[in-house]
Amino acid sequence: MTEPDPVLSEFPEYDENFRAGFASFVGRPNAGKSTLTNALVGEKVAITSSKPQTTRHTIRGIVHRPQTPERPGAQLVLVDTPGLHRPRTLLGSRLNDLVVDTLSEVDVVGFCIPADEKVGPGDRFIAGQLTKVSHKPVVALVTKVDKIPKDQLAEQLIAVDQLGREHLAGEKKQAEGFTAIIPVSAVKGEQVDVVADKLIAMMPKSPPLYPTGELTDEPEVVMVAELVREAALEDVRDELPHSIAVTVEEMNPREDRPADKPLLDIHATIHVERDSQKGIIIGKGGSRLKAIGAQAREGIVKLLGTPVYLDLHVKVTKEWQRDAKKLNRLGF
Ligand SMILES: Nc1nc2c(ncn2[C@@H]2O[C@H](COP(=O)(O)OP(=O)(O)OP(=O)(O)O)[C@@H](O)[C@H]2O)c(=O)[nH]1
């Protein structure tokens with residue numbers, strides 16, 4: 001047994017076979033990483049969007065598996081990384097550094113590859129990057145299997161197996177390629193438990209790391225910024241996704257409110273790169289900005305469980321993706 005720890009008060013009798021550790025999903029943008037994280041955790045913690053590259057921050061979801069007489073309990077902490085992709089801008093290369101840093105700290109990597117898209121250069125690039133953390137086991141997760149007919153799956157599994165053998169082979173512990181290949185549909189809930197079982201089996205024996213109620217350790221401010229970003233990305237033209245960042249300037253309970261009627265004041269800024277984009281975000285007579293505010297507010301109220309006054313501003317922060325100083329200020 002280890003030293004007493006505040007978390008352990010919740011687990012007075014955890015089994016010595018309890019497993020706990022970290023897993024991280026990588027994959028091309030839109031490969032289904034966030035959706036799989038949500039399906040595993042069972043609640044919406046990571047932000048998903050049909051637009052690529054929306055997961056900028058490391059958001060963790062935690063799978064809590066209670067102990068039963070048949071099997072020891074476990075905690076699987078999921079670190080949801082940004083899409084690993086070929087760096088085109090400074091932001092891109094920063095994201096990739098972040099990914100490699102994150103991966104060096106996890107116990108297993110889940111490489112998400114969509115079932116309905118051919119294994120391509122993007123996947124080979126990522127597989128190549130994974131050799132930078134060559135001591136980590138990598139499980140291939142063939143996502144979105146509900147999107148293809150069953151008879152096409154075998155072909156994709158073979159292609160994925162080949163990718164693992166060609167790109168991970170030669171490194172000491174990845175010599176056989178992927179440790180496992182698991183087809184899964186996060187949307188239909190097919191094989192999600194198989195994924196959880198496999199990842200948990202690869203966790204080290206360890207006392208519980210987090211209290212059971214905890215779904216994410218991301219600061220609330222970052223979650224709020226992500227909700228605003230998600231709302232701002234709804235229905236926008238294709239050029240916008242890469243050009244939006246959100247900062248939260250202020251988040252404070254309003255003074256002089258009665259205890260039973262609290263109100264949280266939030267001031268946030270949506271950063272875009274060009275005046276034309278500012279126009280798109282604001283919309284005719286401010287209509288889009290209003291809609292963004294309403295949608296974001298709904299999500300924030302749900303997240304924080306308190307009434308919220310949300311004040312949104314749109315600001316042109318020129319070339320923020322390429323400017324290191326500005327990136328720092330925006331928290332990347
Ligand atoms: N049919 C189907 N669609 C899925 C499944 N998983 C994800 N999707 C869809 O694929 C799109 C991308 O999913 P995300 O989970 O946001 O992908 P991601 O890899 O986190 O994307 P980035 O944040 O860009 O890296 C969304 O429109 C999802 O609804 C699945 O199992 N089945």
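Predicted model: local features only at pLDDT ≥ 70, side-chain atom pairs only at ≥ 80, totals over all residues.
The chain has 332 residues, of which 34% are buried. Its secondary structure consists of 9 helices and 9 strands. Of the contacts between residues at least 6 apart in sequence, 71% join residues at least 24 apart.

The largest nonpolar core contains 43 residues. Within this core, Phe111, Ala140, Leu141 and Val142 have the most contacts. At least two core residues come from each of strand 1, helix 1 (33–41), strand 3 (74–80), strand 4, helix 3, strand 5, helix 4 and helix 5 (192–201). In the largest core, Ala140 is one of the residues with the most contacts. Leaving aside residues up to four places away in sequence, Ala140 touches Phe111, Ile113, Val160, Gly164, Phe178 and Ile181.

Helix 3 spans residues 121–130, and Asp123, Ile126, Ala127 and Leu130 are buried in it. Viewed down the helix axis, the buried residues fall within an arc of 100 degrees, so they line one face of helix 3. The exposed residues Pro121 and Gly128 are carried on the face turned away from the buried side. The buried residues of helix 3 are covered by elements that include strand 1 (19–27), strand 4 (108–114), strand 5 (138–143) and helix 4 (150–167).

Val184 lies in the loop between strand 6 (180–183) and helix 5. Val184 has 26 other C-beta atoms within 10 Å; the cut-off for a buried residue is 20 or more, so Val184 counts as buried. Apart from residues up to four places away in sequence, Val184 touches Leu36, Leu141, Val142, Thr143, Val145, Glu190, Gln191, Val192 and Val195. Leu36 is 148 residues from Val184 along the chain, yet the C-alpha atoms of the two are separated by 8.7 Å.

Two packed helices are described by the angle and the distance between their axes. For helix 6 (residues 220–233) and helix 8 (residues 287–304), the axes come within 8 Å and cross at roughly 145 degrees. The crossing is right-handed. On the helix 6 side, the contact involves Glu220, Met223, Val224, Leu227, Val228, Ala231 and Ala232. These residues meet Ile292, Gln295, Ala296, Gly299, Ile300, Leu303 and Leu304 of helix 8. By class, the contact between helix 6 and helix 8 comprises 11 nonpolar, 2 polar and 1 charged residues.

Conventions
Residues numbered from 1 in each chain as written. Buried ≥ 20, exposed ≤ 12 C-beta atoms within 10 Å, placed from the backbone. Helix = DSSP H or I, 4+ residues; strand = E, 2+ residues; numbered from the N terminus. Arc of directions from axis to C-beta. Contact = placed C-beta atoms within 7 Å. Core = buried A, V, L, I, M, F, W, Y, C linked by C-beta atoms within 7 Å. Axes fitted to C-alpha atoms, helices over the stretch in contact; angles between N-to-C directions. Left-handed = near helix turned anticlockwise from the far one by under 90°. Nonpolar A, V, L, I, M, F, W, Y, C, P; charged D, E, K, R; others polar.
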